[in-house]
Amino acid sequence: MAASASAAFFLSLPLLLLLSGWSGERRADADSLCYNFTIIHLPRPGQQWCKVQGQLDQKNFLSYDCGIDRVLSVGRLEEQLNATDGWGRQLEMLREVGQRLRLELPGIELEDFTPSGLIRLQARMSCECEADGHIHGSWQFGFDGQRFLLFDSHNGKWTVVHAGARRMKEKWEEDRELTAFFQKVSTGDCRSWLRDFLMRREKRLEPTAPPTMAPGTAQPKAMLSPWSLFIILLCFILPGT
């Protein structure tokens, strides 16, 4: 059955590509999900030590205090997800990421860099559905608004952006468990969250009531747009990344 389903998918792929206008190039409007973490190891009294800002397609949708597990603000789309098990698991994982980053922060050695105040680790985790159907996950790490270190979740490669992150790279690169954790969150959890958001968004965009039709005329059925169908098939049916 799996073989027949796979064959049927690839037989229909040319039509989907034609409908979507796919040109083989990476789309400028590729769907993406990002989470920006701000972590403070030793906060002042009453100060947040873990804050997350979520962005769907570069638009803010979530502000979350992961230190005390409190949602500060949420967008309309996410209000619909608030009562689902998936939303609760997402917040739980964001808390886990914040706690893990806080544990790693004291051991980070930065060279030739003096922070302007309290040391704040700024991490950006993102996943994006590319035109070929693969989910590309990545991480950025920085301090005082400057990027220091990049991590490509697809190939597991660390890249130094700021010379002060050389020791940080060496330490994290040798930590296979930490590398696996970053890969899992950005290409596994994030992939699932992006799928949920896209499916919920498409459902919200469906017409709630059909237009008035003449007696005896068949009512049109709500359909996903060709590109939405293409995204769902490629990004969330094809196995693996």
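Me: Is cysteine 50 buried or exposed?
Reply: Cysteine 50 has a relative accessible area of 1%. Buried means under 20% relative accessible area, exposed over 50%, and partly exposed in between (1.4 Å probe, protein chains only). Cysteine 50 is therefore buried.

Me: In this predicted model, what pLDDT do local features need?
Reply: The term pLDDT denotes the predictor's confidence in each residue, from 0 to 100. Residues are numbered from 1 along each chain as its sequence is written, and side-chain values use heavy atoms, with hydrogens and water left out. The model is predicted: totals for chains, interfaces and linings use all residues, side-chain atom pairs count only at pLDDT 80 or more, and local features need a pLDDT of at least 70.

Me: Which element of the protein chain has the lowest mean pLDDT?
Reply: The chain averages a pLDDT of 78, and 68% of the residues score at least 70. Helices (H or I, at least four residues) and strands (E, at least two) are DSSP runs, numbered from the N terminus. The highest mean, 97, belongs to strand β7 (residues 146-152), and the lowest, 40, to helix α1 (residues 2-20).

Me: How many contacts beyond near neighbours in sequence does the stretch of residues 1-27 have?
Reply: The pLDDT is below 50 over residues 1-27. A contact means heavy atoms within 4.5 Å. Beyond near neighbours in sequence, the number of contacts that residues 1-27 have in the model is 22.

Me: With which residue does cysteine 50 form a disulfide?
Reply: A disulfide is a pair of cysteine sulfur atoms within 2.5 Å, and the structure holds two. One of the pairs has its sulfur atoms 1.6 Å apart, and in it the partner of cysteine 50 is cysteine 66.

Me: How many residues apart in sequence are the parts that cysteine 50 and cysteine 66 tie together?
Reply: The link of cysteine 50 and cysteine 66 is left-handed, with -85 degrees about the S-S bond. Cysteine 50 lies in strand β2 and cysteine 66 in the loop between β3 and β4, so the distance in sequence is 16 residues.

Me: Which strand pairs with β2 over six bridges?
Reply: Two strands pair if DSSP finds at least two bridges between them. The bridge partner of leucine 56 is lysine 59 in β3. Strand β2 (residues 50-56) is joined by six bridges to an antiparallel strand, β3.

Me: Which residue has a positive phi in the hairpin of β3 and β4?
Reply: The strands β3 and β4 (residues 70-74) pair in the antiparallel sense over four bridges, with leucine 62 opposite valine 74. Four residues lie between the strands, and the one with a positive phi near 55 degrees is aspartate 69.
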